[in-house]
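Reader: I have a structure open and would like to go through its packing. Can we start with the aromatic rings?

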Amino acid sequence: LCTDHGHHLGEKDVWGKPGVPLYEVMSHIPLLVAWPGRSGGDSTDALTTSVDLFATLTDLFGVQAEHRTHGESLVPLLDGSATSVREWALMGVWGREVHVTDGTVKYARAPSGDNAPISMWSNRWSTMPIHAFPDIRLPRPDGRAYLDTMPGSDVPVIRQPFVAGDALPYWAGSRFTGNHLWRVLEDPSEDEDRAGTAEEADAEELLRHALAQVEAPDDQLVRLGLT
């Protein structure tokens, strides 16, 4: 039992899931697993993320995925052979802040200037139909689009670059509030923003490391001021 994200009900003066940093209300989601031999009262504080579910299923059934994924199997947590499976997790919404957490702190990195350059990578281009507000649909590919491969793989995809001044989906066009850093274990309501302190340098390095591990495209690093 899990979900893709939470939902604001007034926390931080926010309602729904607008273009804001991913506070714990949105990003700290439930995960309940029924597993043979484990009682209903067992729990773990190990860091996990949604992409781990696919890796867990392929591990459980002995399937070798033909394409690259970023998940870690949760089987070692479930059978009790390990107490952790990952040291960090990335999270975010396309065109918004990029977040990284190690389970104790969470860092939200905003664009360092314009929300550009940035690219959309997809084989199934979606216009995100929002019938009441057609002007905020995802822009369609234009003449700048070209065939590329997904980072770390040979899977061909359409890559559409966007630069400053381009129309973006509404969530990517919302106002940014800078970088944010929270000690989520001791400050789960995220009241004390540690961005701008000496702690941010370590968080920035963790984010740079995580993005390198998933082979994030260069334009993402430029956009976030991490080059």
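Author: First the term: rings of Phe, Tyr and Trp (its six-membered ring) pair if their centres lie within 6.5 Å. Bear in mind that this is a predicted model.

Reader: How many aromatic pairs does a search of the whole structure find?

Author: The search turns up two aromatic pairs. One is formed by Y23 and W182, with 5.3 Å centre to centre and 55° between the planes, and it is tilted.

Reader: Where in the chain do Y23 and W182 sit?

Author: Y23 is in the loop between β2 (15-16) and α1 (24-27), while W182 is in strand β9 (residues 180-182). They are 159 residues apart, so the pair links distant parts of the chain. Y23 counts as buried at 13% relative accessibility, and W182 counts as buried at 2%.

Reader: And W94 with F162, why is that pair edge-to-face?

Author: Their planes are at 70°, and over 60 degrees counts as edge-to-face. The ring centres of W94 and F162 are 5.8 Å apart. This pair also links distant parts of the chain: W94 is in the loop between β3 (89-92) and β4, F162 is in strand β8 (residues 156-162), and 68 residues separate them.

Reader: What lies over the face of F176?

Author: R96 does, at 4.1 Å from the ring centre.

Reader: Changing topic. Which residues have the most contacts inside the largest nonpolar core?

Author: V100, Y107, L207, L211 and L226, in a core of 14 residues. β4 (98-101) and α5 (199-213) each supply at least two residues of this core. α5 gives the most, with four residues. Apart from this core lies another, of seven residues, among them W35, L74, V75 and L78.

Reader: What does L211 touch?

Author: Not counting residues up to four places away in sequence, L211 touches L90, V98, A216, L221, L224 and L226.

Reader: Where is W88 found?

Author: W88 is in the loop between α3 and β3. It is buried, with a relative accessible area of 16%. Leaving aside neighbours within four places in sequence, its contacts include V100, L206, A210 and V214. W88 and A210 are 122 residues apart in sequence, yet 7.4 Å apart in space, C-alpha to C-alpha.

Reader: And V214, what does it touch?

Author: V214 touches R68, H70, W88, L90 and P151, not counting residues up to four places away in sequence. V214 lies in the loop between α5 and α6 and counts as buried at 15% relative accessibility. The C-alpha atoms of V214 and M26 are separated by 23 Å.

Reader: Now the charged residues. Is K106 buried or exposed?

Author: K106 counts as buried, at 1% relative accessibility. K106 lies in strand β5 (residues 106-109). A polar contact of 3.0 Å joins its side chain to that of S27. Leaving aside neighbours within four places in sequence, K106 is in contact with residues including Y23, E24, W182 and E190.

Reader: What about D219, buried or exposed?

Author: Buried, at 11% relative accessibility. D219 lies in helix α6 (residues 218-223). Its side chain makes a polar contact of 2.6 Å with the side chain of S119. Leaving aside neighbours within four places in sequence, D219 is in contact with P117, I118, S119 and R159.

Reader: Last one, α2. Which residues are buried there?

Author: In helix α2 (residues 52-60), D52, A55, T56 and T58 are buried. They cover an arc of only 170° around the axis, so they are on the same side of α2.

Reader: What do the buried residues of α2 pack against?

Author: They pack against α3 (75-78). α2 is followed by G62, whose phi is positive, near 65°.

Terms used: Residues numbered from 1 in each chain as written. Predicted model: local features only at pLDDT ≥ 70, side-chain atom pairs only at ≥ 80, totals over all residues. Heavy atoms only, no water. Buried < 20%, exposed > 50% of the residue type's maximum accessible area, 1.4 Å probe, protein only. Polar contact = N/O pair within 3.5 Å; in protein donor to acceptor, adjacent residues only side chain to side chain. Contact = heavy atoms within 4.5 Å. Core = buried A, V, L, I, M, F, W, Y, C linked by side-chain atoms within 4.5 Å. Phe/Tyr/Trp six-rings, centres within 6.5 Å; stacked < 30°, edge-to-face > 60°. Lys NZ or Arg CZ within 6 Å of the ring centre and 35° of its normal. Arc of directions from axis to C-beta.
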